[in-house]
Amino acid sequence: MEKIKQNPIVKKIGFNRIILICVLILMYVAFCVGIKGFAAAGTKHLLNTMNYVYFLGFLSLGVTFVIATGGIDFSIGPVMFCCALVGGYCLNSYKMPLVADIIIAIVIGLVFGIFNGYMVAYQKVPAFIISMASMNIAKGAAAVFTKTQSQSWPLSTDPVNGWFRNIISVNGFPVGLVIFAIAAVICGIILYNTKMGRYILCLGSNREAVRLSGVNTKKWEMSAYVMCGLLTGIAAIFFVAAYTTVQPGYGDQYNNEAIAGCVMGGTSMVGGLASILGTVIGVFIISLLQEGILALGLGKDIQLIVTGIIVIVAVYADVTARRRKN
Amino acid sequence: MTKKKSLLNDQRFIALIIAILLMVIYFVFSKEFRKYSSILSMLDFSYYDMLMGFGVTFPLITAGVDLSIGTGMVCYALVGGTLVRNNNIPVAVAMLICILMGVAIGLLNGILIGVMGLAPFIATLSTCMITRGIGSMCNATPWPTLQQPGGWFHSIFKLTFGSGRGAFKFPIGFFLMLVLMCVMEFVLNHTKFGRYTIAIGSNREATALSGINVKFYHVMVYVVCGFFTGLAAIAYAAVTPTVQPGTGAGLEMDAIGGVFVGGVSATGGYGSIIGTFIGVMIICLLKTGLPYIGLQANWQQIITGVVLIVAVLIDIIKKRRAAAV
Amino acid sequence: MGEVILTMKGIDKSFPGVHALDHVDLEVRAGEVHALMGENGAGKSTLMKVLTGIYKKDSGTITYFGKEVEFHNTREAQDAGVVIVHQELNMVGDLTVAQNIFIGREPKKGIRIDDKKMIEDSKKLFERLKIDINPREKMKNLTVGKQQMCEIAKAISHDCKLIIFDEPSAALTEKEIDDLFKIIRDLRAQNMGIIYISHRMDEIKVITDRVTVMRDGGYVGTLITKDSTKEDIINMMVGRVIYEDPKTHSMCPPDAPVVLKVEHLNAGHMVQDVSFELHKGEILGFSGLMGAGRTETARAIFGADPKQSGKISIMGKDGQLHEVTINNPQDAVKAGIGYLSEDRRRFGVVVQKSIIENSTLACLDDFANGPFINKAKEKKETERLIKELATKTPSADQLVMNLSGGNQQKVVIAKWLIRNSDILIFDEPTRGIDVGAKNEIYKLMNKLASEGKSIIMISSEMTEILRMSDRIVVMCEGKKTGEIRIEEATQENIMDKATRNIN
């Protein structure tokens, strides 16, 4: 076991991550064996999982930055829906061009990110309180703006905007996966190779020491939330590209799943430690899990319970590991 | 140097003024609001928020939170209703089950937070999902209406004299809430449990160093919160014709917002059940009153969010100014 | 003075790397006020922590009222009648005075806490102690002095026979000190044993019967107060042979320009009207006892804590002094100041990160092309500093938490050297560092000074101050009490100024 741990490739990727990849593969095998017709359905389940991965992945990537600073944002689900709803309303009712709607959706995510970040970093409002408030404001604003009507984004059969679904796949080629992979790589580069990432990780670990080194910690803490808002806006686009219709009033469950994917992958809730690769694998696991639960005929209810338990276990494991280190 | 104990320093007093002001505005500007049935309706929908508020005040005083109260309340109501509907359990037993489930989840929260050391928001966010999941396993169920057998439980909150259109309804629930408010304010200020809740929220280490079993009291805080969530489930069932699975997320905002408006400190150490009462009243006035003066119901969510931020900011700014001395 | 109630004999206690108590003796009688004196690090607090059960002694005996005892925690000590009034207050701010005094043992009327009785009993306590405090007042609204009175009242309310006061008068006004002494005299008249830990010579002479002096973890001796002079006591506190040669004359050229001028700095009651100058290439020692306000002064200069008033001027590129505005650490760092915190682990380094990440933290912009960090450049520069400072580590990528204290300190120094800060404030630079590493840090500081960097060195170690400083500023309770050139400095005159209670 020790020999494996010392292997340079293992060290680069991270032992925990390797375990997660094994879990992912084992899960898939278990589903194929244990669920009738899972393997036989061909690529259907894989495609469904991918659809889930895209939007959840962007949510998780975003919240990774926030958790890395030792903060939290569980308004991301409702904010994502707000972006999708407002953008959709502009498309359907104001008849604005699709590109503009996409930009609007992303900008709304940014706005929430800026607001949350400012409140937490500069006004020192506890992050969970701002999350609660933003969650509500996002839900309410979306409902007011769209007059509580669900919004649908274009299908592939749409004569003008049919190209929209191409961001998911073109003739079977998984464009979405490529985009997501690129985004994940960019996030990784930001986190490990830029000033922003360095400051975020260091201040998440010991904010005061970083402040006393002459760093503007407020600015960089806020930037993590802005990043999260931006990625939430992008998540909204992928959500509607995959599922077409959004209804006001929902979105909460994705909060927990995004955080679950993040924490499972090795990002510590206490701050300072984050893994983009871990988040990505965590998102795949959660997405595959929910697809498996669906295939088993079990309802969303089991999925919710399972996710809740996963978060508790993952966070507790993180807490104990930290305690042991100290 | 003792602070001047003027009423103006007490946030609860200001909240009370705001509540009265709101009522006056509604009275003057809305013909609908002046109807007895409107006031009755508003009160009906305030009880479950009020009960959740009473319960969650305790975790908030310890600088913690319980985000599972909304989905928990709906979950217990669903389970109870299902048992009444499908298994012919008497309503009294179903009510008891609601309370017991609340206590059980409260205990789970307490152990996760007080013993295992998880952060309150992540622990209760998870139990929120779990209770939502459990609730989703049930079908939409109505509890018995007033006329049906078992419907007596409605009378805990609203007494109906006569029947049909001419029936006179009396909101006894309001007075029940007032009584509970007095009881819980007493518990907070005059019992060991309440005293140590405040102490833990103010300075956990000093409290532990004084020889008090903080783990035990920290867990109890969440158990009490769970207990009230169970009660809230009953109140919720009383006013919701059919309880829907999958709902509930977001209901905790009204209660938590109300507690903050009532003056609880964002960093813990101070809270008041009377303040919670007034704060939740304000939230309910906003919730049900806004449509009367022409504002869409969805604005209520936005306003609740803004109210929460404002209430917390006021607390933070007050503290900042006091520290700068 | 009555019979002996407490005898501590041959108490020995070691921590990893530190021999905190070396065969210490202490004897306290009933009806006596017994002072326990010594410099910082002498072992006074440690001895009391052993007595009250917070630490377990390695060897030695404690005899209490004729019986040999060993308390395992403060509750046990409390139940036996041994109570300590700490320097750091353990009060719950949002509860009232009465509620704090009786916390954990509230009297009850059925289910209801009998607040009335608590208030009555508190009133009686305060009457007995002759202090004027309203038991209904919320603890956080009281001054620190009054809070301490409450802490004393709380201690006394436990039927106690031996009370330990740890630096009780540090936060009290003159009137409050008078009240405190009245209380202590009362307690003495009631035949209680009192241990009084303090550095204030004048008070010791007024209130105590005997004085036990400790030094470097060892027991020096016990004097009868009225038969001893201040000089006798100081001699016992500092009288040691200094093996390392103290500096005999300043290494800083006499015509060196002023690089930092602080005028009338005020930051709360820990920094009162402090003014001083720092010259180029000088090592300015800041001496004083704990609580003197030296760290607070440094933090105020560095912008880490807010200040009420004060002018800070720094020498610019043109060789002239210019006033600078420092409102936060960013401003200070830009102005060329670097601050090495007292508490290295909490404020100096990010222990979970690598040496490289820590070393470049103060000037990451210099290692970045746009937003991207040039990791090769970082590593190269860090490795250069590791070599220059002789930091013991297998690689530059090593996490700081795996380094020893001395090497962690070198990482902090590297951070400011890479930043090229001209003015360095070292706060307790060798605390918790073994002798070998200490010498390396001393050599380094001398080298930096000779290269033209200007250093403020805050230290509670007399030998360190005398060995390293070109000039010494002494502080006591927020005020600057003296400025001594190294040629004239002695342990005695430094200690004298450090214990002067200027009112």
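Which strand of chain C does strand 13 pair with, and in which sense, parallel or antiparallel? Hi everyone, let's find out together. A quick note before we look: this is a predicted model, where local features need pLDDT of at least 70 and side-chain atom pairs count only at pLDDT 80 or more, while totals for chains, interfaces and linings use all residues. Residues are numbered from 1 along each chain as its sequence is written, chains are lettered from A in the order in which they are written, and side-chain values use heavy atoms, leaving out hydrogens and water.

Now, the answer: strand 13 (residues 258-266) pairs with strand 16 (residues 309-315) of chain C in the antiparallel sense, over five bridges. Strands here are DSSP runs of E of at least two residues, helices are runs of H or I of at least four, and both are numbered from the N terminus. Two strands pair if DSSP finds at least two bridges between them. Across this pairing, C:Glu263 stands opposite C:Lys311. Both strands belong to an open sheet of chain C with the order 14-13-16-17.

Next, let's turn to where chains A and C meet. Here 24 residues of chain A are in contact (heavy atoms within 4.5 Å) with 32 residues of chain C. Between these chains there are four salt bridges, each a side-chain nitrogen of Lys or Arg within 4 Å of a carboxyl oxygen of Asp or Glu. A salt bridge also joins the side chains of A:Arg198 and C:Glu357, at 3.8 Å from N to O. On the side of chain A that touches chain C, helix 9 of chain A gives the most, with six residues.
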